[in-house]
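Biologist: I've got a model open and I'd like to learn how to read it. Can you walk me through it?

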Amino acid sequence: MWSNGMWSIGELAERAGVTVKTVRFYSDRGLLPEAARSSGGHRRYGPDALDQIRLIRSLRALDLPVPEVGRILDRRDSADGDLEDALGGAIARQLDDLGVQLTALRWREAALQLVHDCPPAERPQRLRLIGAVSVPPSTDALARFWRRWLPVRLPARQVSAILDHAVPQPPPDPTPEQVLAFARLHAFVTADCGGGDHCQPAAHQPDEGYRPSVLYDGLVEAFALAAPDLRAGRPPRAGEALDCFVAAYARACGLRDTPGFRHRLGGQLAADPRIDHYWQLVTDISGPAEPNPGVSHDWLRAALDAELALER
């Protein structure tokens, strides 16, 4: 030990069980300030340097990056510093990053399994499908699809609520089948819809005076009324849920629910079945445990079709 109670870089490295190169690395990056220099210009470290370097090593053992370690040490050494708070925040961020990495690895594993298990002739197509999806997958393309699909005058609060229900979250530990369904869903929403910029269905392009917020508020109510029948596995049928469903479309157009309106609505809803494929893929991703809006809408459409068929 040096005469003033300080250690040389070699002595500190020996006591800490690291190499001189490691001590120099931490010093050069400001994590381990030197206390003084010898007359020959050599670095000298005080007695607190040993605890400092042990703390740095512990933080690095958690795979915290050097800049993050520096922020923790700065927070500890500040006037209002709190090591526990700084460390807790850093660990939480590291856990979030690790979760993203693990999800990406699970998606890659499931994607590889998907390609491995399929017949050789199908592999090029599956590679193209999964190659178009980021890892871990993003739902941005699905949200853009819905913003094009929904009526342009729908209030922002309803758009946000619809996106929450309509955009499935990628499972963190997917099966190969879920990876395939998500890749197909991504391909579906990014394909050319052939309907211009908005790709609006016929039911969203009625005459002037259309009130889309009234429609979607009414649909939420109709789906809730249909949910017990769906959970029980009952076939589509007339009743309160169907009446609420039709009334939502009628009120949105400023019309009454009449037999003529029901016939016209049935034709409109059948004119663009693209969205059915979307909801089938959502079910493949999320599972059928709880009826999603697409399943509910299809059940009510089928109930309307069955009612109209009886009148023919």
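Predicted model: local features only at pLDDT ≥ 70, side-chain atom pairs only at ≥ 80, totals over all residues.

Biologist: Which residues touch the most other members of the largest nonpolar core?

Modeller: The general idea is that in soluble globular proteins, nonpolar side chains tend to be buried together. Here, the largest nonpolar core has 59 residues, and Trp 146, Leu 185, Phe 245 and Tyr 278 touch the most other members. Helix α11, spanning residues 240-252, gives the most to this core, with nine residues. There's also a second, separate core of 24 residues, with Val 18, Leu 32, Leu 50 and Ile 72 among them.

Biologist: And which residues form a nonpolar patch on the surface?

Modeller: Look at Leu 62, Ile 91, Leu 95, Leu 98, Leu 102 and Leu 105, which together have about 520 Å² of accessible area. Leu 98 counts as partly exposed because its relative accessibility is 42%.

Biologist: How many disulfides does a search of the whole structure find?

Modeller: A disulfide is a covalent bond between the sulfur atoms of two cysteines. In this model, the search turns up zero disulfides.

Biologist: What about Cys 244, buried or exposed?

Modeller: Cys 244 has 11% relative accessibility, so it counts as buried. Cys 253, at 29%, counts as partly exposed.

Methods
Residues numbered from 1 in each chain as written. Heavy atoms only, no water. Patch = residues over 30% accessible without salt bridge, like charges linked within 9 Å, V, L, I, M, F, W, Y side chains within 5 Å. Areas by Shrake-Rupley, 256 points an atom, 1.4 Å probe, with all protein chains shown as cover. Salt bridge = Lys/Arg side-chain N within 4 Å of Asp/Glu carboxyl O. Buried < 20%, exposed > 50% of the residue type's maximum accessible area, 1.4 Å probe, protein only. Disulfide = S-S within 2.5 Å. Core = buried A, V, L, I, M, F, W, Y, C linked by side-chain atoms within 4.5 Å. Helix = DSSP H or I, 4+ residues; strand = E, 2+ residues; numbered from the N terminus.
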